[in-house]
Amino acid sequence: MKASELRIGNYVWDDYDGVLIVDSISKDSVRLSNTHQETSGKYSLKQIKPIEIHKDWLLDFGFKKDPNRHYRIYHGRNVPVRLWEISEDDWVCVKSNARVKYVHQLQNLFFALTGEELTIKEKV
């Protein structure tokens with residue numbers, strides 16, 4: 001992965017530690033924590049991998065499926081952001097026509113469109 005692709009708060013994958021959250025970014029490494037906010041340490045950008053978007057990730061972020069194969073989430077201004085599955089694990093944002101394949105790309109796109117962070121919703 002490239003440092004320029006990442007933002008603080010992005011979810012990434014490490015083969016040993018699983019899903020991790022970006023805490024800080026430098027030219028060739030990142031500091032990551034696990035999903036329980038416990039610091040896991042410094043990782044080379046070569047160590048971490050993007051996470052492919054699956055429907056479970058969308059549901060965990062709070063997206064809802066509608067009858068038109070869209071997944072939709074409403075943000076603070078009550079305006080929907082919709083994703084359409086164009087092939088397995090390949091998505092397009094209806095509003096911007098941007099294609100996304102990875103969780104961090106979706107998080108970055110959501111922030112660009114709404115000014116809000118896209119995080120996993122607490123299950124009640």
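1. Strands β1 (residues 11-14) and β2 (residues 18-25) run antiparallel and are joined by four bridges; strands are DSSP runs of E with at least two residues, numbered from the N terminus, and two strands pair if DSSP finds at least two bridges between them. The two form a hairpin with three residues between them. D14 has G18 in β2 as its bridge partner.

2. This is a predicted model, in which local features need pLDDT of at least 70, side-chain atom pairs count only at pLDDT 80 or more, and totals for chains, interfaces and linings use all residues. Residues are numbered from 1 along each chain as its sequence is written, and side-chain values use heavy atoms, with hydrogens and water left out.

3. An open sheet is formed by five strands in the order β5-β6-β7-β8-β9, with antiparallel pairing. β5 (64-65) and β9 (99-100) are at the edges with a single partner strand each, so one side of each has no neighbour in the sheet.

4. Within this sheet, four bridges connect β7 (residues 80-87) and β8 (residues 90-93). W84 stands opposite V92 in β8.

5. V94 is located in the loop between β8 and β9. V94 counts as partly exposed because its relative accessibility is 34%; the class lies between buried, under 20% relative accessible area, and exposed, over 50% (1.4 Å probe, protein chains only).
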